[in-house]
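Student: I have a model open and want to learn how to read its features. Where do we begin?

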Amino acid sequence: MPEDIKRIALNSDTNQFDLNIFFSTEGEGEDAQFKFKDYVQMWLDLMRGQHMPTTVDELKLGEKPAMPFSDVRLLSVLGHTLWFLPNVAACFAMRNLLAERQNTFFHDYNVNVCAGSGAGIGLAALPPVQKSMRDPLESKSITLSCGKLTTGVTVKPWTGVFMLSNVKSAETYFQTAFRVQSPWTVKDDDGNM
């Protein structure tokens, strides 16, 4: 991550970047906003390959690292992703930010907030996510969660997980990361795989 983005959440005592500080929020639900909204916006721009200071550095070096929503090799397979955030408010803040005018790229994605009591308990959170994917090959979705659907459930169209939270246990990390490891097959018009 470029220095101009990560400096806002760099713990000088440990020299470590803190995701929970970076994605910290104010307000709840419809009113939730990131405390460091401008920096989170820079991060979204970075994921799209649009962060200007990084672009200038890449031109100087003659190389461009693969960013999830700018590299065609990644973009073509990241139609459905899970973004694991620190808490419910961060999920709503991300949804609110993705819906803003400057993020028109993400307006093609169905954004699911799978967090809080409104998302349902246990498996009740799954049907809205699946419904938003319609035909998974013809749609795109981003599921925002801080824990729901990260254990004991399979959402086969998910092809990427963004860990945007400090996780307290290896188990949470691995349970969440392996949500995208489920085999997914597609049948053609004749029913063949």
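Tutor: With a cut-off. A residue is buried under 20% relative accessible area, exposed over 50%, and partly exposed in between. Keep in mind that this is a predicted model.

Student: How does Thr-159 count by accessibility: buried, partly exposed or exposed?

Tutor: Thr-159 has 36% relative accessibility, so it counts as partly exposed. Thr-159 is located in the loop between E7 and E8.

Student: Which residues does Thr-159 contact, leaving aside its neighbours within four places in sequence?

Tutor: Its partners are Val-77, Leu-78, Gly-79, His-80 and Val-180. Take Leu-78. The C-alpha atoms of Thr-159 and Leu-78 lie 5.7 Å apart in space, while 81 residues separate the two in sequence.

Student: Now the strands. How do I read the two faces of a strand?

Tutor: In a regular strand, side chains alternate between the two faces of the sheet. Now take E5, residues 80-84. His-80, Leu-82 and Phe-84 sit on one side, and Thr-81 and Trp-83 on the other. Both faces are covered, with these residues all buried. Five of the five residues in E5 are buried, which leaves the strand mostly covered.

Student: What about the faces of E8: covered or open?

Tutor: Both are covered. Gly-160 and Phe-162 are on one side, Val-161 and Met-163 on the other, and all are buried.

Student: Which strands pair with E5, and in what sense?

Tutor: E5 pairs with E7, residues 141-145, in the parallel sense over five bridges. E5 is also joined to E8, residues 160-163, by four bridges, and these two run parallel.

Student: Last topic, helix packing. At what angle do H3 and H6 pack?

Tutor: Angles from 65 to 115 degrees count as roughly perpendicular. H3 (residues 37-47) and H6 (residues 88-98) pack at about 65°, with their axes 11 Å apart. That angle makes H3 roughly perpendicular to H6. The crossing is right-handed.

Student: Which residues meet between H3 and H6?

Tutor: H3 brings Lys-37, Val-40, Gln-41, Trp-43 and Leu-44. H6 brings Met-94, Leu-97 and Leu-98. By class, the contact has six nonpolar residues, one polar and one charged.

Conventions. Residues numbered from 1 in each chain as written. Predicted model: local features only at pLDDT ≥ 70, side-chain atom pairs only at ≥ 80, totals over all residues. Heavy atoms only, no water. Buried < 20%, exposed > 50% of the residue type's maximum accessible area, 1.4 Å probe, protein only. Pairing = 2+ DSSP bridges. Axes fitted to C-alpha atoms, helices over the stretch in contact; angles between N-to-C directions. Parallel < 35°, antiparallel > 145°, perpendicular 65-115°, else oblique. Left-handed = near helix turned anticlockwise from the far one by under 90°. Contact = heavy atoms within 4.5 Å. Nonpolar A, V, L, I, M, F, W, Y, C, P; charged D, E, K, R; others polar.
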